[in-house]
Amino acid sequence: MAASATLKSNDPNARLTEALCTSLRRRQIVGSLNVALATAALIQNVVRSARYSTIDELLGLIKSIGKKLIDANPKELAATNIIRRILRLIREEYRAAAAAHIISAPPSAPETPFLGPTTPGLSAPSNHYLSTATDFQFFPSTSQLSRQTSLSNFVAMRHSRAQLERSGSLVDMQLSQSTNSLFTRHNNVPETPGINRIDSDEFMKHSAKLKPVLIQAIEEVVGELETTHEDVAKGAREHIHSSEIILTMGHSKTVEAFLKQGYRDRKFTVVVAESAPSYLGHSLAHSLSSHGIPTILIPDSSIHAILPRVTKVILGAHSVLANGGLFALSGSLACALAAKTHSKPVVITTGQFKFAPAWNLYHDYAAVDFQGPGSVIGTTGNGGGGGKESTEVVDPYFDYIRPELVQLFVTNEGDHSPSYIYRLIREAYDEEDVEL
């Protein structure tokens with residue numbers, strides 16, 4: 001459990017955090033990738049310049065920043081996804097350093113185990129066969145029998161320790177003990193017989209060497225984010241075939257890179273829905289046609305009519321949930337429903353940094369983001385009903401697409417079905433970071 005820690009008001013990192021929170025509230029940073037890159041840059045700066053004496057302080061500090069980002073814009077799940085990813089990487093580097101410290105520690109001479117006044121016994125891990133009883137005893141227990149230090153007792157204890165070493169339990173016990181004691185100083189830590197206690201003070205002298213390693217790990221995350229579009233596009237050849245007619249909508253950078261990469265090996269036609277009221281489809285159609293790809297721009301009302309001619313629907317995602325559902329640009333739900341009616345496959349191209357450990361958000365009304373209805377009812381204002389009395393206009397920014405409407409997720413780490421998303425999320429984040 002990470003200790004609670006916060007940034008001081010005069011800390012430059014606090015000002016950077018507040019600036020990012022303000023940008024998220026005002027939608028000055030748009031797009032999951034831009035949000036993820038800004039979050040990773042902030043955390044990298046915190047790890048580089050913040051002062052901490054224990055690993056728990058660093059984890060608590062990063063979690064406190066994550067909570068502020070959630071409060072600033074709960075709909076931008078990419079920010080907290082990057083926070084969770086970095087927390088996991090920090091723990092992995094910490095454990096690797098702890099394991100290296102165990103290996104490099106000089107072995108101590110074996111000592112005769114201490115035998116107390118009670119019947120000789122063995123303390124084993126809970127999953128070991130020796131722990132079937134509360135107190136495994138080598139000799140019958142009687143109140144009149146007094147313990148005596150003997151060669152047979154010593155041999156029994158050493159034999160049991162050798163069994164633990166062969167089963168790997170002893171190594172796990174040593175690593176668990178070291179990871180709990182590193183970066184923290186304990187004065188009266190009881191020592192387990194036969195197990196060398198890690199010298200945490202010696203490790204503390206070299207703990208500063210971990211900071212460059214942590215910074216490098218975050219840089220690898222940033223590098224992975226920057227190449228997300230290219231990595232997803234590498235699988236275009238396997239999913240796009242010649243003479244296909246592909247339907248898409250909006251302007252997803254991932255979809256754009258995917259289609260452009262696919263056109264290098266296959267010749268096909270793209271139908272782009274204009275995606276009112278944002279009309280982002282116009283910019284995507286212009287970009288694809290400039291690349292030499294045959295492109296047809298249609299209004300959203302023509303999606304259902306053109307789907308019998310379409311062979312595949314390719315959409316982008318704003319965020320993907322653990323149940324396989326996703327949030328996408330408004331209008332994507334109508335497109336997915338029409339595709340299901342005409343038995344057309346729906347393929348989602350996205351980076352795995354958008355996978356969020358959240359379930360069934362469509363039951364929560366606040367899970368869908370809303371924008372001003374001015375562009376829908378024909379007014380330029382962004383608030384209110386535009387002077388229309390007794391009129392309530394709901395203009396969602398995203399649609400929720402249920403997992404049964406999606407056939408495949410094409411990501412930078414491979415292709416996955418909606419039912420497998422929860423496994424990927426479980427492998428990507430630590431369970432203790434699900435709730436920041």
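Let's start with a residue pair: Ser 319 sits opposite Phe 327 in S8. That contact belongs to the pairing of S7 with S8, which run antiparallel and are joined by two bridges. Keep in mind that this is a predicted model.

**The open sheet**
- Three strands make up an open sheet, ordered S7-S8-S10, with antiparallel pairing.

**The β-α-β unit**
- S4, helix H12 (residues 280–290) and S5 build a β-α-β unit, and it's right-handed.
- Its strands, S4 (residues 269–273) and S5 (residues 295–298), pair in the parallel sense over four bridges.
- Within this part of the model, Val 270 faces Thr 295 in S5.

**The second largest pocket**
- The second largest pocket holds about 620 Å³ of space.
- It's lined by 29 residues, and the closest to its centre are Gly 31, Ser 32, His 251, Ser 252 and Lys 253.
- Helix H2 (32–49), helix H9 (228–233), helix H11 (253–262) and strand S8 (326–329) are the elements that give two or more residues to this lining.
- H2 supplies the largest share, three residues.
- Sorted by class, the lining has 13 polar, twelve nonpolar and four charged residues.
- Domain 1 (3–226) and domain 2 (230–374 + 394–433) each put at least three residues into the lining of this pocket.

How values were computed:
Residues are numbered from 1 along each chain as its sequence is written. This is a predicted model: local features need pLDDT of at least 70, side-chain atom pairs count only at pLDDT 80 or more; totals for chains, interfaces and linings use all residues. Side-chain values use heavy atoms; hydrogens and water are left out. On a 1 Å grid over the protein atoms alone, a cavity is a set of points where a 1.4 Å probe fits but cannot get out, and a pocket is an open set with protein on both sides within 12 Å along at least five of seven lines; lining residues have an atom within 4 Å of a point. Grid points are joined across faces, edges and corners, and a volume is the space filled by probe spheres set on the points. Ala, Val, Leu, Ile, Met, Phe, Trp, Tyr, Cys and Pro count as nonpolar, Asp, Glu, Lys and Arg as charged, and the others, Gly among them, as polar. Domain bounds come from an automatic or database domain assignment. Two strands pair if DSSP finds at least two bridges between them. A crossover is right-handed if, with the strands pointing away from the viewer, the path from the first strand over the helix to the second runs clockwise.
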